[in-house]
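Let's take a walk through this structure, from the overall make-up down to single contacts. Keep the viewer open as you read.

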Amino acid sequence: MGNADSKLNFRKAVIRLTTKTQPVETTDDAFWDQFWADTATTIQDVFALVPAAEIRAVREESPSNLATLCYKAVEKLVQAAESGCPSEKERQIVLNCTRLLTRILPYIFEDADWRGFFWSTVPGARDEGNDDGARPLAESLLLAVSDLLFCPDFTVQSHKRDAEEDMQSIDSCEYIWEAGVGFAQSPPLDYIHDLNRTELLKLLLTCFSDAMYLPPSAENNILNRWVTFFSSTDNRHALPLFTSLLNVVCAYDPVGYGIPYNYLMFSDYREVLVEHAVQILIVTLEHEAGAAADTAQHNLDHLHSLSKSNSFHRGRFILKGLARLMTNPLIQNYLPNSTKKIQFHQELLVLFWKLCDFNKKFLFFVLKSSDVLDVLVPILFYLNDARADQSCVGLIHIGVFILLLLSGERNFGVRLNKTYSVRVPMDIPVFTGTHADLLIMIFHKIITGGHQHLKPLFDCLLTIIVNVSPYLKSLSMVAANKLLHLLEAFSTNWFLFSASQNHHLIFFLLEVFNNLIQYQFDGNCNLVYTLIRKRNIFHQLANLTSDPVTIHKALEMKKTTLARISRTNSQESISMDGSRPAVPAEPGTLKASLVAIPAIDKLTKKAQVSEDGTMVCLQRNTHSPQMTADHNTESNSGRDNEVLSWKSKLPLQTIMRLLQVLVPQVEKICIDKGLTDESEILKFLQHGTLVGLLPVPHPILIRKYQANAGTAMWLRTYTWGVIYLRNVDPPIWYDTDVRLFEIQRI
């Protein structure tokens with residue numbers, strides 16, 4: 001039968017279904033087989049030949065027929081999973097049923113009356129292993145798909161050449177798809193197997209997308225029943241499948257042998273499989289809080305089994321694999337566009353976040369060596385590249401969250417002292433320095449050159465710098481200038497008085513300077529010199545006028561926005577060769593809406609570093625000066641009182657003492673020796689000391705990320721928004737009534 005005839009017959013079957021006014025019996029196999037037995041349609045064909053309007057029409061006008069269609073399609077998959085689909089015809093039936101269910105399921109989920117349909121039992125369908133009788137249709141579907149993902153000669157290589165293998169006795173641990181964690185052998189690549197796996201994973205992802213059709217909720221105890229059952233011990237393939245997905249992702253090398261333009265000459269079926277594998281991983285490895293914690297523990301147990309970092313080789317395989325893929329879009333060579341660039345970096349960031357957040361052993365492994373910098377550089381690249389693009393707000397958030405999580409560990413700050421020598425073209429000034437300098441310069445770019453939707457992240461960005469500041473041995477002159485420029489921008493009267501929380505940013509920056517002076521004075525002559533040169537900023541802060549007239553006058557200057565202030569005197573220099581400026585999104589670009597992120601005091605918990613280097617968590621009621629000031633704000637009636645409540649708490653003592661000691665010395669040496677060259681002054685400061693002259697060093701305070709319902713909800717919304725927008729061929733969820741987020745056009 002030709003392909004055109006096949007499509008025509010399939011379309012006729014759909015029309016018959018939509019025009020039937022009476023229920024079709026489940027025993028009428030001649031009718032139902034039209035949808036899968038004699039057709040060879042691609043998934044794109046199915047989406048074109050089964051219009052959304054007709055699915056909704058059947059749902060409303062002939063609900064029993066839609067129910068039967070779903071049941072019969074699942075029944076075919078269950079039968080194939082039991083038989084092992086040895087014939088080509090049976091395999092085609094599996095693919096047809098898989099594609100049809102992928103098309104229909106979103107329209108089941110969007111209707112509140114239908115959302116429980118797959119969790120009801122089908123009359124007459126008995127389950128021998130279930131004492132309660134029939135198994136819900138959803139469970140039968142998930143178990144059948146899991147079986148089929150380890151089906152010899154369909155999705156995996158057969159181990160027996162002459163005899164068929166019994167699907168019920170197969171040990172799927174012996175059929176893991178790729179070498180890596182828990183599996184040493186690398187099976188030969190088979191593009192047919194990859195294509196079949198991808199079709200089944202697409203259906204799984206559609207099953208899990210039930211979560212898209214619930215509105216975002218402050219309560220983080222709503223379980224995704226599909227994910228919960230799939231990850232449970234009821235699914236004997238859960239661990240081998242998680243292992244297969246992780247290994248396929250981490251072993252993937254899009255560059256291959258490095259032949260230029262090879263991706264234009266050959267189709268890479270493995271890439272599509274990897275994209276779906278990482279998407280399945282990030283939606284199944286969901287960190288639940290509250291009532292859902294016990295049920296979701298199965299997912300975390302799988303994750304723990306996969307990424308236990310006490311095994312050096314396991315941890316290295318995962319970290320190196322993720323770093324290689326994250327770095328791929330940064331690859332530069334002499335032949336333009338000659339290297340394949342992956343597009344699933346957002347999913348990789350979410351996966352890396354979940355691995356680090358849920359498995360502390362893996363996090364410690366990541367920070368044990370400088371390999372963490374192989375992840376840091378691409379993250380900073382993404383942040384800088386996306387800072388002007390409103391469609392990439394979520395990408396910037398997840399990158400910042402990862403860095404906030406890492407910054408809570410001492411080793412991360414220490415690793416940042418490594419010299420930055422990988423010259424990835426970025427739209428930042430040319431500099432010689434460390435990875436810490438790179439981080440500060442990118443953050444400065446985001447704050448001063450990003451769009452307005454990034455302002456809620458300012459607290460997070462500065463918290464990261466605060467966390468690492470006690471360990472930064474030597475900032476470059478460029479980075480030191482960037483920090484002082486931020487202080488200058490944030491300490492203008494208009495900005496300080498325009499919102500009640502804006503003074504927090506000043507407190508964070510002063511804490512950075514205090515940490516560097518008290519704990520890393522010896523190597524930071526560039527910073528000390530910049531502090532001296534910009535000393536007027538600190539004097540103005542110390543003498544900040546807070547009377548009503550001054551505040552009113554400052555607020556009248558509202559036309560002078562932060563962005564305009566930030567770009568003034570920022571001393572920008574020539575950007576790196578080969579870099580391109582950050583550009584806004586193209587008009588018409590689609591983006592998914594996001595829920596608000598929690599405030600920084602909800603995102604983090606405070607820990608004090610003791611003398612032996614260990615961290616002691618502080619009680620929740622221990623407030624920093626700026627937080628205390630914020631609580632006082634509510635009880636103060638006037639804005640001038642509000643300013644007084646935090647002005648007196650500005651931690652200026654250490655900086656003012658440094659200026660008091662060093663400014664006269666620098667002025668004297670300049671006069672005595674007639675110095676005009678800053679290099680001589682830097683040399684003098686390099687050999688200077690403040691031992692015994694500064695206040696007693698304050699304890700190092702680290703704000704560590706803490707899991708919370710708000711971030712979990714944000715992450716769920718972001719994850720599904722990315723998956724929605726990335727799955728466009730076919731557009732699985734397009735034009736369905738998604739409620740978790742809104743699709744907006746820029």
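First, the ground rules. This is a predicted model, where local features need pLDDT of at least 70, side-chain atom pairs count only at pLDDT 80 or more, and totals for chains, interfaces and linings use all residues. Residues are numbered from 1 along each chain as its sequence is written, and side-chain values use heavy atoms, with hydrogens and water left out.

Now the big picture. The protein chain has 34 helices and five strands; these are DSSP runs numbered from the N terminus, with helices being H or I of at least four residues and strands being E of at least two.

On to the aromatics. A search of the whole structure turns up 29 aromatic pairs. Rings of Phe, Tyr and Trp (its six-membered ring) pair if their centres lie within 6.5 Å; planes under 30 degrees apart count as stacked, over 60 as edge-to-face and the rest as tilted. One of the pairs is Phe10 with Phe35, edge-to-face at 6.3 Å centre to centre and 85 degrees between the planes. Phe10 sits in helix 1 (residues 3–19) and Phe35 in the loop between helix 2 (29–32) and helix 3 (43–49), so this pair ties together parts that are 25 residues apart in sequence. Phe10 is buried at 1% relative accessible area, and Phe35 is buried at 2%.

Trp119 and Trp226 also pair edge-to-face, with 5.5 Å centre to centre and 75 degrees between the planes. Here the loop between helix 6 (88–109) and helix 7 (137–148) holds Trp119 while helix 9 (residues 225–230) holds Trp226, so the pair ties together parts that are 107 residues apart in sequence. Both Trp119 and Trp226 are buried. They belong to one aromatic cluster along with Phe109, Trp114, Phe117, Phe118 and Tyr213.

Three strands form an open sheet in the order 3-2-4, with antiparallel pairing; two strands pair if DSSP finds at least two bridges between them. Which strands stand at the edges? Strand 3 (615–617) and strand 4 (700–705) do, each with a single partner strand, so one side of each is left without a neighbour in the sheet. Strand 2 (residues 604–609) is joined to strand 4 by six bridges, and Lys605 has Lys704 of strand 4 as its bridge partner.

Then look at helix 14 (residues 312–327) and helix 16 (residues 360–367), whose axes come within 10 Å and cross at roughly 75 degrees. Axes are lines fitted to C-alpha atoms, for helices over the stretch in contact, and angles run from 0 to 180 degrees between N-to-C directions. Helix 14 and helix 16 are therefore roughly perpendicular (65 to 115 degrees; under 35 is roughly parallel, over 145 roughly antiparallel and the rest oblique). Helix 14 makes the contact with Phe312, Gly315, Arg316, Ile318 and Leu319, and helix 16 with Phe362, Phe365 and Val366.

Finally, zoom in on Ile465 in helix 21 (residues 458–468), buried at 2% relative accessibility. Leaving out residues up to four places away in sequence, Ile465 touches Leu439, Ile440, Phe443, Leu483 and Val512. The C-alpha atoms of Ile465 and Val512 are 6.9 Å apart, although 47 residues separate them along the chain.

How values were computed: Buried < 20%, exposed > 50% of the residue type's maximum accessible area, 1.4 Å probe, protein only. Contact = heavy atoms within 4.5 Å.
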